[in-house]
Amino acid sequence: MKKKTDEIIREVDKLTKLEKDIRYRLMIVNKNFREHSEEEIKEVYEKAKELQLQLMIKKNEEQILIEKRNELELRLKAARETLKKAEKLMSQMAVILGYLCGDLRNIHLQLEDIKEKKHLGIKVIQAQEEERYRLSREIHDGPAQILANLVLKSELCEKLIDIDTEKAKKELKALREVMRSSLQDVRKIIYDLRPMSLDDLGLIPTVERLIAQYNETSDTFVEFKFFGEKVKLLPIVEVAIFRIIQEALNNIKKHSKATNALVKIEFSDNNINLVIRDNGIGFSKESLRKADEDRGYGLMSMEERVTLLNGKFEINSSPGNGTKITATIPIDI
Ligand SMILES: Nc1ncnc2c1ncn2[C@@H]1O[C@H](COP(=O)(O)OP(=O)(O)O)[C@@H](O)[C@H]1O
Ligand SMILES: [Mg+2]
């Protein structure tokens with residue numbers, strides 16, 4: 001269309017020029033009509049008329065073509081804009097699509113996470129129940145039975161006092177011994193629940209005491225090392241460290257067959273570094289995974305405690321190479 005328009009514009013230009021020429025000739029002929037024959041004058045007239053007519057037609061055509069061309073140009077412009085919009089929309093769609101797909105992937109991961117958390121939640125409740133069961137058994141078998149026994153014995157003493165004072169005295173003495181050992185049992189249960197020395201003396205002396213007691217009853221000799229200044233930590237951090245050590249020592253006693261072990265606590269500028277290492281039989285990650293269902297919760301709850309405090313937890317163990325547990329907990333959680 002553009003080419004056609006250009007052509008017709010050129011044609012009109014040419015015709016305009018020709019028409020101008022013929023008008024000039026017409027003027028000359030008119031001026032000097034005496035020098036030209038009637039025939040000649042008529043011819044020039046006819047030619048001029050014809051050219052004017054042609055010019056009019058071509059100009060008309062040109063007008064129509066220009067209008068059409070302009071309209072087409074406008075439409076082209078509009079089409080280009082639509083294309084631009086479509087391209088923009090397409091890129092937006094791509095972004096949305098990517099976002100949605102990514103989200104779906106994330107949802108999948110989140111679901112896995114929730115599943116794991118739920119599983120862990122159940123494990124934690126199970127652990128609490130097991131712990132309560134253990135404590136109730138301990139109270140039932142220890143202090144509760146002793147107290148029942150004491151009631152009977154005190155009744156016996158009451159009767160004996162009038163009959164045989166010496167024997168009554170002896171019975172009372174034995175009674176006191178039983179009471180004393182029962183008191184020790186109760187103290188041990190309270191200590192298991194929460195060592196009060198943690199609040200009174202702080203973490204390090206409490207751990208020292210725990211390890212000293214452990215060494216009295218265990219085949220493994222545990223060494224304790226502490227580096228740093230004895231700063232007061234947040235109670236939850238102290239309890240966590242204490243429980244981790246307690247559980248790790250239980251595992252050493254129960255599973256490791258180790259002769260030596262080390263508990264190391266280090267207070268650095270920002271972190272508490274805890275290492276518990278033994279030279280026992282160790283275990284493989286596969287064996288942990290295989291026995292997953294009926295396995296205890298000790299290692300898991302250790303890790304859970306550390307991650308809850310924004311720390312890092314690591315187990316290094318392999319059969320025959322002992323076990324090393326490392327926990328790094330920020331001092332300001
Ligand atoms: N110090 C260790 N030495 C050897 N094996 C260990 C040690 N600590 C843990 N394990 C292994 O890891 C398993 C998981 O330990 P844990 O989560 O505390 O559960 P539980 O002690 O109730 O079995 C144990 O059953 C044992 O096989
Ligand atoms: Mg355990």
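**Figure 1. Domain layout of the predicted model.** The centres of domain 1 and domain 3, taken over C-alpha atoms, are separated by 101 Å. The model shown here and in the views below is predicted. According to the domain assignment, domain 1 covers residues 2–90, domain 2 covers 117–188 and domain 3 covers 195–330.

**Figure 2. Helix α5 and the elements that pack against its buried residues.** Helix α5 runs from residue 203 to residue 217 and has 15 residues. From the first C-alpha to the last, α5 reaches 22 Å, close to the 21 Å expected at 1.5 Å a residue. Its buried residues are Leu203, Ile204, Thr206, Val207, Leu210, Ile211 and Tyr214. They lie on the same side of α5, because the arc they cover around the axis is only 160 degrees. Two strands, β1 (221–227) and β2 (260–267), pack against these buried residues. Helices α3 (165–193), α4 (197–200) and α6 (235–256) pack against them as well.

**Figure 3. Phe221 in strand β1.** Phe221 is found in strand β1. With a relative accessible area of 48%, Phe221 is partly exposed. Leaving out residues up to four places away in sequence, Phe221 touches Asn215, Thr259, Asn260 and Ala261. Asp278 is 57 residues from Phe221 in sequence, and the two C-alpha atoms are 9.6 Å apart in space.

Figure 4. Two residues supply the protein donors of the magnesium ion (ligand 2): Glu247 through OE and Asn251 through OD1. These donors lie 2.1 to 2.2 Å from the ion. Both residues belong to helix α6, and because they are 4 residues apart there, about one helical turn separates them. Asn251 has a relative accessibility of 16% and therefore counts as buried, the cut-off being under 20%.

Figure 5. Arg243 is found in helix α6. Its relative accessible area is 17%, so Arg243 is buried. Apart from neighbours within four places in sequence, Arg243 is in contact with Asp192, Leu193, Arg194, Pro195 and Arg305.

**Figure 6. Lys257 in the loop between α6 and β2.** The loop between α6 and β2 contains Lys257. Phi of Lys257 is positive, about 60 degrees, although Lys257 is not a glycine. Most residues other than glycine have a negative phi. At 69% relative accessibility, Lys257 counts as exposed.

Figure 7. The buried residues in α8 include Gly298, Leu299, Met302 and Val306. Seen down the axis of α8, its buried residues fall within an arc of 100 degrees, so they line one face of the helix. α8 is followed by Asn310, which lies in the loop between α8 (298–308) and β4. Phi of Asn310 is near 65 degrees, a positive value in a residue other than glycine. Asn310 has a relative accessibility of 57% and so counts as exposed.

Figure 8. Along strand β4 (residues 312–317) the side chains alternate between two faces. Phe313, Ile315 and Ser317 point to one face and are buried. β4 pairs with strand β5 (residues 323–330) in the antiparallel sense, over 6 bridges. In this pairing, Lys312 stands opposite Thr328 in β5. The hairpin of β4 and β5 has 5 residues between the strands, and in this hairpin Gly320 takes a positive phi near 90 degrees.

**Figure 9. Ile331 and its contacts.** Ile331 is found in the segment after β5. Ile331 is buried, with a relative accessible area of 18%. Not counting residues up to four places away in sequence, Ile331 touches Leu233, Ser268, Asp269, Asn270, Asn271 and Ile272. Val231 is 100 residues from Ile331 along the chain, and their C-alpha atoms are separated by 9.8 Å.

Key: Residues numbered from 1 in each chain as written. Chains lettered and ligands numbered in written order. Predicted model: local features only at pLDDT ≥ 70, side-chain atom pairs only at ≥ 80, totals over all residues. Heavy atoms only, no water. Expected span 1.5 Å × (residues − 1). Buried < 20%, exposed > 50% of the residue type's maximum accessible area, 1.4 Å probe, protein only. Arc of directions from axis to C-beta. Contact = heavy atoms within 4.5 Å. Pairing = 2+ DSSP bridges. Domains from an automatic or database assignment. Donors = N, O, S within 2.8 Å, 3.2 Å for Na, K, Ca; no water.
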